[in-house]
Amino acid sequence: MALYKTLTVNKTTKVLIWKIEESIAELKKDTPLSKNSETRLHSMRSELHQKGFLSIRHLLKNVGYTDFDLIYDEFGKPHLKDGKFISITHSFTFTAIIISDDLHVGIDIEKQRDKILKIAHKFTPIEEYKTIANVDALISKLTIVWGAKESLYKIYGKKKLLFLHHIYIEDFKFADEKTSGEIKYNGEKMTYEIAFLEFEGFTCVYAY
(Lines give C-alpha, C1' and ligand atoms only; values in the text may rest on other atoms or scores of the structure.)
Protein backbone atom coordinates (compact mmCIF):
# COMPACT_ATOMS: atom_id res chain seq x y z
CA MET A 1 0.00 0.00 0.00
CA ALA A 2 1.23 3.39 -0.90
CA LEU A 3 1.52 5.69 2.09
CA TYR A 4 3.60 8.36 0.37
CA LYS A 5 4.53 10.75 3.15
CA THR A 6 3.82 11.47 6.82
CA LEU A 7 4.44 14.93 8.26
CA THR A 8 4.47 15.81 11.94
CA VAL A 9 3.10 19.35 12.20
CA ASN A 10 3.34 19.45 16.01
CA LYS A 11 2.78 17.13 18.97
CA THR A 12 -0.96 16.86 18.31
CA THR A 13 -1.23 17.33 14.54
CA LYS A 14 -0.05 15.23 11.58
CA VAL A 15 -0.47 15.03 7.81
CA LEU A 16 -0.61 11.79 5.84
CA ILE A 17 -0.35 11.66 2.03
CA TRP A 18 -1.26 8.63 -0.12
CA LYS A 19 -0.14 7.96 -3.69
CA ILE A 20 -2.82 5.92 -5.46
CA GLU A 21 -1.18 3.00 -7.25
CA GLU A 22 -3.65 0.21 -6.39
CA SER A 23 -6.68 -1.20 -8.17
CA ILE A 24 -10.15 -0.65 -6.73
CA ALA A 25 -10.22 -4.31 -5.69
CA GLU A 26 -6.97 -3.90 -3.74
CA LEU A 27 -8.22 -0.72 -2.08
CA LYS A 28 -11.53 -2.33 -1.11
CA LYS A 29 -9.85 -5.33 0.52
CA ASP A 30 -10.17 -5.24 4.34
CA THR A 31 -11.77 -1.80 4.15
CA PRO A 32 -15.25 -1.97 5.71
CA LEU A 33 -17.62 0.84 4.70
CA SER A 34 -20.81 2.16 6.24
CA LYS A 35 -24.01 1.90 4.19
CA ASN A 36 -23.81 5.63 3.42
CA SER A 37 -20.23 5.27 2.20
CA GLU A 38 -21.11 2.24 0.08
CA THR A 39 -23.87 4.28 -1.53
CA ARG A 40 -21.53 7.22 -2.14
CA LEU A 41 -18.86 4.95 -3.61
CA HIS A 42 -21.27 3.31 -6.07
CA SER A 43 -22.64 6.70 -7.13
CA MET A 44 -19.19 7.82 -8.28
CA ARG A 45 -18.86 7.43 -12.04
CA SER A 46 -15.13 8.11 -12.11
CA GLU A 47 -12.79 5.28 -11.16
CA LEU A 48 -10.28 7.91 -10.01
CA HIS A 49 -12.83 9.32 -7.56
CA GLN A 50 -13.61 5.84 -6.28
CA LYS A 51 -9.92 5.16 -5.73
CA GLY A 52 -9.53 8.50 -3.96
CA PHE A 53 -12.49 7.76 -1.70
CA LEU A 54 -11.11 4.34 -0.77
CA SER A 55 -7.52 5.49 -0.29
CA ILE A 56 -8.76 8.07 2.25
CA ARG A 57 -10.09 5.10 4.27
CA HIS A 58 -6.59 3.59 4.21
CA LEU A 59 -5.15 6.86 5.52
CA LEU A 60 -7.73 6.74 8.33
CA LYS A 61 -6.61 3.19 9.09
CA ASN A 62 -3.03 4.45 9.45
CA VAL A 63 -4.10 6.68 12.34
CA GLY A 64 -6.35 4.15 14.02
CA TYR A 65 -9.75 5.02 12.52
CA THR A 66 -12.23 3.38 10.19
CA ASP A 67 -14.89 4.72 7.84
CA PHE A 68 -17.40 4.30 10.67
CA ASP A 69 -15.55 6.95 12.73
CA LEU A 70 -16.04 9.59 10.03
CA ILE A 71 -19.20 11.69 9.88
CA TYR A 72 -20.19 14.65 7.72
CA ASP A 73 -22.18 17.68 8.82
CA GLU A 74 -24.91 19.51 6.87
CA PHE A 75 -22.27 21.48 4.94
CA GLY A 76 -20.32 18.36 3.96
CA LYS A 77 -17.47 19.01 6.38
CA PRO A 78 -15.92 15.82 7.81
CA HIS A 79 -15.68 15.22 11.55
CA LEU A 80 -14.40 12.39 13.71
CA LYS A 81 -16.75 10.88 16.27
CA ASP A 82 -14.20 11.26 19.07
CA GLY A 83 -14.07 15.04 18.59
CA LYS A 84 -10.63 15.29 16.97
CA PHE A 85 -10.33 17.59 13.96
CA ILE A 86 -9.83 16.29 10.41
CA SER A 87 -9.67 17.56 6.85
CA ILE A 88 -9.52 15.53 3.64
CA THR A 89 -8.35 16.18 0.07
CA HIS A 90 -8.03 14.32 -3.24
CA SER A 91 -6.44 15.31 -6.54
CA PHE A 92 -5.88 12.78 -9.33
CA THR A 93 -3.39 10.22 -7.95
CA PHE A 94 -2.88 11.73 -4.49
CA THR A 95 -5.04 11.93 -1.39
CA ALA A 96 -4.24 13.36 2.02
CA ILE A 97 -5.65 13.96 5.48
CA ILE A 98 -4.64 16.26 8.29
CA ILE A 99 -5.73 15.27 11.78
CA SER A 100 -5.35 17.16 15.05
CA ASP A 101 -6.29 16.56 18.67
CA ASP A 102 -6.94 20.22 19.40
CA LEU A 103 -6.63 22.48 16.33
CA HIS A 104 -9.05 23.31 13.55
CA VAL A 105 -7.32 22.10 10.36
CA GLY A 106 -7.71 22.23 6.60
CA ILE A 107 -5.79 20.61 3.75
CA ASP A 108 -5.73 20.74 -0.04
CA ILE A 109 -3.78 18.99 -2.80
CA GLU A 110 -3.75 20.46 -6.31
CA LYS A 111 -2.13 19.39 -9.56
CA GLN A 112 0.01 22.21 -10.93
CA ARG A 113 -1.68 23.26 -14.18
CA ASP A 114 -1.52 26.36 -16.34
CA LYS A 115 -5.30 26.74 -16.27
CA ILE A 116 -4.85 28.43 -12.89
CA LEU A 117 -3.52 31.49 -14.77
CA LYS A 118 -6.96 31.96 -16.34
CA ILE A 119 -8.89 31.84 -13.07
CA ALA A 120 -6.41 33.58 -10.77
CA HIS A 121 -8.31 36.89 -10.87
CA LYS A 122 -11.32 35.13 -9.35
CA PHE A 123 -9.53 34.19 -6.13
CA THR A 124 -6.62 36.59 -5.59
CA PRO A 125 -5.55 40.12 -6.58
CA ILE A 126 -3.38 39.01 -9.50
CA GLU A 127 -1.47 42.34 -9.55
CA GLU A 128 0.40 41.11 -6.46
CA TYR A 129 2.16 38.52 -8.60
CA LYS A 130 2.85 40.49 -11.79
CA THR A 131 6.52 40.73 -10.84
CA ILE A 132 6.96 36.97 -11.30
CA ALA A 133 8.29 36.66 -14.85
CA ASN A 134 8.78 32.89 -14.90
CA VAL A 135 5.49 31.21 -15.88
CA ASP A 136 6.24 27.99 -14.02
CA ALA A 137 7.01 29.94 -10.86
CA LEU A 138 3.78 31.90 -11.25
CA ILE A 139 1.76 28.70 -11.65
CA SER A 140 3.49 27.30 -8.58
CA LYS A 141 2.79 30.41 -6.50
CA LEU A 142 -0.84 30.72 -7.55
CA THR A 143 -1.40 27.02 -6.84
CA ILE A 144 -0.08 27.50 -3.32
CA VAL A 145 -2.34 30.54 -2.82
CA TRP A 146 -5.36 28.61 -4.11
CA GLY A 147 -4.52 25.64 -1.86
CA ALA A 148 -4.09 27.93 1.14
CA LYS A 149 -7.47 29.57 0.53
CA GLU A 150 -9.11 26.19 -0.03
CA SER A 151 -7.64 24.95 3.26
CA LEU A 152 -9.02 27.94 5.15
CA TYR A 153 -12.38 27.54 3.43
CA LYS A 154 -12.48 23.94 4.67
CA ILE A 155 -11.67 25.05 8.22
CA TYR A 156 -14.53 27.54 8.17
CA GLY A 157 -16.72 24.77 6.85
CA LYS A 158 -19.78 26.77 5.81
CA LYS A 159 -20.98 28.23 2.53
CA LYS A 160 -20.95 31.90 1.45
CA LEU A 161 -17.23 32.46 2.13
CA LEU A 162 -15.63 34.08 -0.96
CA PHE A 163 -11.98 33.37 -1.77
CA LEU A 164 -11.41 36.84 -3.22
CA HIS A 165 -13.14 38.92 -0.57
CA HIS A 166 -13.02 36.96 2.70
CA ILE A 167 -9.76 34.96 2.70
CA TYR A 168 -6.32 36.62 2.72
CA ILE A 169 -2.93 34.93 2.32
CA GLU A 170 0.26 36.67 3.46
CA ASP A 171 2.88 36.85 0.70
CA PHE A 172 5.69 34.33 1.01
CA LYS A 173 8.92 33.02 -0.46
CA PHE A 174 9.03 29.48 -1.82
CA ALA A 175 12.01 28.65 0.39
CA ASP A 176 10.02 29.47 3.54
CA GLU A 177 7.54 26.65 2.88
CA LYS A 178 5.09 28.47 5.15
CA THR A 179 2.97 31.60 5.47
CA SER A 180 -0.15 32.70 7.31
CA GLY A 181 -3.72 33.44 6.34
CA GLU A 182 -6.81 35.19 7.61
CA ILE A 183 -10.53 34.70 7.29
CA LYS A 184 -12.38 38.00 7.59
CA TYR A 185 -16.11 37.47 7.60
CA ASN A 186 -19.17 38.81 9.43
CA GLY A 187 -17.04 41.16 11.53
CA GLU A 188 -14.75 38.35 12.70
CA LYS A 189 -11.06 37.85 11.96
CA MET A 190 -9.44 34.43 12.33
CA THR A 191 -5.72 33.84 11.72
CA TYR A 192 -4.06 30.53 10.85
CA GLU A 193 -0.62 29.13 10.15
CA ILE A 194 -0.14 27.68 6.65
CA ALA A 195 2.52 25.31 5.31
CA PHE A 196 3.09 23.93 1.82
CA LEU A 197 5.17 21.40 -0.09
CA GLU A 198 5.52 20.38 -3.73
CA PHE A 199 6.09 16.91 -5.18
CA GLU A 200 5.69 15.18 -8.55
CA GLY A 201 3.90 18.15 -10.11
CA PHE A 202 1.47 18.52 -7.19
CA THR A 203 1.15 21.05 -4.38
CA CYS A 204 -0.08 20.22 -0.88
CA VAL A 205 -1.09 23.05 1.42
CA TYR A 206 -2.39 22.72 4.96
CA ALA A 207 -3.61 25.21 7.55
CA TYR A 208 -3.98 25.01 11.33
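This is a predicted model: local features need pLDDT of at least 70, side-chain atom pairs count only at pLDDT 80 or more; totals for chains, interfaces and linings use all residues.

Entry 1, aromatic pairs. I looked up the ring pairs and found that the structure holds 12 of them. I then picked F92 and F202, which pair edge-to-face, at 6.5 Å centre to centre and with 65 degrees between the planes. F92 is in the loop between β5 (85–91) and β6 (94–100) and F202 is in strand β11, so this pair ties together parts 110 residues apart in sequence.

F94 lies in strand β6 and F199 in strand β10, so the pair ties together parts that are 105 residues apart in sequence. Both F94 and F199 are buried. I noted that ring pairs link Y4, F92, F94, F199 and F202 into a cluster.

I found K111 over the face of F92, 4.7 Å from the ring centre. The charged end of K184 sits over the ring of Y168, at 4.8 Å from its centre.

The largest core has 26 residues, and F123, L142, L152, I169, I183 and I194 have the most contacts inside it. Which element gives the largest share of this core? I found that α5 does, with nine residues. Apart from this core lies another, of 20 residues, among them M44, I56, Y65 and I99.

Methods
Residues are numbered from 1 along each chain as its sequence is written. Side-chain values use heavy atoms; hydrogens and water are left out. A nonpolar core is a set of buried Ala, Val, Leu, Ile, Met, Phe, Trp, Tyr and Cys residues joined through side-chain atoms within 4.5 Å. Buried means under 20% relative accessible area, exposed over 50%, partly exposed in between (1.4 Å probe, protein chains only). Helices (H or I, at least four residues) and strands (E, at least two) are DSSP runs, numbered from the N terminus. Rings of Phe, Tyr and Trp (its six-membered ring) pair if their centres lie within 6.5 Å; planes under 30 degrees apart count as stacked, over 60 as edge-to-face and the rest as tilted. A charge sits over a ring if NZ of Lys or CZ of Arg is within 6 Å of the ring centre and within 35 degrees of the ring normal.
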